[in-house]
Amino acid sequence: HHAHLAAGMIENGLSPMEMTAGLIFDGTGYGEDGTIWGGEVLVGNCLTFERHAYLSPVPLPGGDVTIRKPARMALSTLWAYDLPWDEDLPPVQFLTKYEKKVLRSQLDRKLNTPITSSMGRLFDSVAALLGVRQAISYEAQAAIELEALADPDVMGYYPWQLDGDAIDLQPVLISLLADLKRGTELSAIAGKFHNTIAHMSLEIARALQKAKNIDKFVLSGGVWQNQLLLEKTIKLMNKHGLQPLIHRQTPPNDGCVAFGQALIAAYQYLNNKE
């Protein structure tokens, strides 16, 4: 994720030493704490970085099998936030009784359950909860279909809270599930979820501006290929005097990582040489 930040910085003409923030949202990334990152807010430059906020980590039971089955991710996310697996929820209906029993046991006993802070997996969970997609046949299918469903004209968004540096999503899920139960249009719920991530990004950026005197924010990682989310976030940041930096020459997903890694290696080599 440091590579995402570096790539976005240099691509936008910033000095390699300028302290910049990055909202690095993707599916799977290497975490220096041994967990799977994917929903990180970093502050740094081409030499170093610090992690300032992140999505509260949830289990990824079975690893790749859960990436391929958003239904499993949805139930894991509910489990992590102490929310029930109500029988009328689409992912609960999709999985067999045996699958749910094994999944529950796996989560309770922490068997083969790596931890992730991935924004991509959050999009998968919401897509499954709304009945959009329970199993995928290509990368990011659930998130792509959730974006297609979302009503871009919806203005509302869900509440969230910070627990230290962790972004607690329980209020988001409780409110989203309440909308689902009362029969709110799925397109409106999907729209409110996209607004939620955009407003969350804004508030975190404003807090960093105040605390670190930073007004430039790299938006990098595969989640930012979501055009609806990107446009809403850029609009909010511009409105509040912040400068969003987006990829124009390299893609925001893993396609920019090698570029960022090369930049980090080069500037660290030059710094050490001096």
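View 1. E18 is partly exposed, at a relative accessible area of 27% (buried is under 20%, exposed over 50% and partly exposed in between, with a 1.4 Å probe and protein chains only). This is a predicted model, in which local features need pLDDT of at least 70 and side-chain atom pairs count only at pLDDT 80 or more, while totals for chains, interfaces and linings use all residues. Residues are numbered from 1 along each chain as its sequence is written, and side-chain values use heavy atoms, with hydrogens and water left out. The side chain of E18 meets that of K216 in a salt bridge, 3.4 Å from N to O (a side-chain nitrogen of Lys or Arg within 4 Å of a carboxyl oxygen of Asp or Glu). This pair links distant parts of the chain, 198 residues apart: K216 sits in strand β8 (residues 216-220) and E18 in the loop between α1 (2-11) and β1. Helices (H or I, at least four residues) and strands (E, at least two) are DSSP runs, numbered from the N terminus. K216 also forms a salt bridge with D215, with the closest N and O atoms 3.9 Å apart, and D215 is partly exposed at 34% relative accessibility. Together, E18, D215 and K216 make a network of salt bridges.

**View 2. The K181 and D86 salt bridge.** Here the side chains of K181 and D86 meet at 3.2 Å, N to O. Helix α8 (residues 170-181) holds K181, whereas D86 lies in the loop between α3 (70-80) and α4 (90-94), 95 residues apart. K181 is exposed, with a relative accessible area of 52%, and D86 is partly exposed, with 24%.

**View 3. Strand β3 and its partners.** Strands β2 (residues 36-44) and β3 (residues 49-55) pair in the antiparallel sense over 5 bridges (a pair needs at least two DSSP bridges). A hairpin of 4 residues joins β2 to β3, and V41 stands opposite A53 in β3. β3 also pairs with strand β7 (residues 166-168), in the parallel sense over 2 bridges; there, L55 has I167 as its bridge partner.
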